[in-house]
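I opened a new structure today and jotted down what I looked up. These are my notes, in the order I made them.

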Amino acid sequence: MNRLAGVCQAKKKDGSTYYRASVTYRGKHISLGSYPGAGEANRAYLAACTLLSEPPRCFSTENYALCGNALPFDKWIVLTNFRDNGIYCHTPIYLSHRFFIYYLDASTPLKFDADDLFFYMEHKILRRGGHLFVADYGMQISLLSRYGIRAHAVPGRDFRFINGDPLDYRYSNIEVVNRYCGVTRRLHHGRSIFTARIHIRGDYVIGRYPTEQEAAVAYNKAADCLKRKGFPRNYTRNYIEDLSERDYAKLYAAVHISKKIRNLTFP
């Protein structure tokens with residue numbers, strides 16, 4: 001049997017056969033994925049050859065249909081970017097002027113600043129529910145944590161996308177409103193007031209404070225108080241990087257928390 005161009009036969013651990021497709025472009029050998037049949041693998045190879053032989057043109061994901069879906073969408077992005085911009089990325093990235101787009105799929109283009117390019121070239125973005133994260137050294141790291149946004153922060157309350165586009169992750173488009181667990185900000189007569197709350201059997205107000213740091217430390221103090229009383233929940237403590245250990249201790253001692261929380265008892 002004649003071997004189809006761009007196709008290599010392989011065996012799984014159970015002995016069954018599958019086929020790998022690959023193409024070489026600008027001296028780089030590029031895998032196009034694995035396929036159950038030799039014909040499918042060959043169609044992927046031919047689609048890649050056609051794509052890479054075309055001149056750079058105005059980029060649009062609508063052009064994906066022209067390859068007849070023979071290539072996986074992420075591979076199509078990788079090859080198109082390599083053809084148009086001369087940079088090979090392992091992840092589905094397309095470079096634009098001063099920023100790049102990472103395609104989770106054809107309808108989910110995430111925008112990032114060019115400064116983040118090398119990170120996302122090496123880290124695949126994953127999605128679970130409504131959360132986006134990358135795997136790094138065996139840990140799941142939220143995309144939002146790169147902006148100083150804590151886990152489980154609520155869009156619109158704790159942070160916001162300035163231009164209203166929740167897919168635009170450029171630093172200039174993300175405003176952090178509430179950086180700390182249990183802390184929210186509101187304006188009162190033109191001044192910011194920070195309220196600290198903690199969830200016990202419902203939300204309890206710990207207190208209202210003139211600074212975000214005081215509210216964050218008050219949350220920690222309330223969490224410590226509940227732990228000493230035997231409340232079983234393990235609260236995440238706020239880390240205030242702008243405070244030295246000595247300044248944190250002074251603020252911790254000085255900040256007041258609600259009498260209702262201090263007097264709570266648990267069986």
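Predicted model: local features only at pLDDT ≥ 70, side-chain atom pairs only at ≥ 80, totals over all residues.

I started with Asn173, which counts as buried at 4% relative accessibility. For me, buried means under 20% relative accessible area, exposed means over 50%, and partly exposed is in between (1.4 Å probe, protein chains only). Residues are numbered from 1 along each chain as its sequence is written, and side-chain values use heavy atoms, with hydrogens and water left out.

I found Asn173 in the loop between strand E10 (159-161) and strand E11 (174-176). Helices (H or I, at least four residues) and strands (E, at least two) are DSSP runs, numbered from the N terminus. A polar atom of the Asn173 side chain lies 2.7 Å from the backbone nitrogen of Asn163. Setting aside neighbours within four places in sequence, I listed the contacts of Asn173 (heavy atoms within 4.5 Å): they include Arg160, Phe161, Asp165 and Asp168.

**Lys124**

Is Lys124 buried or exposed? I got a relative accessible area of 54%, so Lys124 is exposed. Lys124 sits in the loop between helix H3 (117-122) and E7. Beyond neighbours within four places in sequence, Lys124 touches Thr91, Tyr102, Phe133, Val134 and Ala135. I also checked Ser244, 120 residues from Lys124 along the chain: their C-alpha atoms are separated by 36 Å.

**A three-stranded sheet**

Next I traced an open, antiparallel sheet of three strands, in the order E7-E8-E9. Strands count as paired if DSSP finds at least two bridges between them. The edges are strand E7 (125-128) and strand E9 (139-142), each pairing on one side only. E7 pairs with strand E8 (residues 131-136) over four bridges, in the antiparallel sense. Opposite Leu126 I found Phe133 in E8.

**The cores**

Which residues have the most contacts inside the largest nonpolar core? I noted Val23, Ile30, Leu32, Leu71, Trp76, Leu79 and Tyr103, in a core of 31 residues. A nonpolar core is a set of buried Ala, Val, Leu, Ile, Met, Phe, Trp, Tyr and Cys residues joined through side-chain atoms within 4.5 Å. Elements that each supply at least two residues of this core include strand E2 (17-25), helix H1 (38-53) and helix H2 (73-85). H1 gives the largest share, seven residues. Apart from this core lies another, of 29 residues, among them Val183, Ala196, Ala222 and Ile257.

**Ser22**

I placed Ser22 in strand E2. Its side chain makes a polar contact of 3.3 Å with the side chain of His29. That term takes a pair of N or O atoms within 3.5 Å; within protein, one must be able to donate a hydrogen and the other to accept it, and residues adjacent in sequence count only if both atoms are side-chain atoms.

**Cysteines**

How many disulfides does a search of the whole structure find? I got zero, where a disulfide is a pair of cysteine sulfur atoms within 2.5 Å. For Cys49 the nearest cysteine sulfur, that of Cys67, is 13 Å away. Cys49 counts as partly exposed, at 27% relative accessibility. For Cys225 the nearest cysteine sulfur belongs to Cys181, 18 Å away, and Cys225 is buried at 7% relative accessible area.
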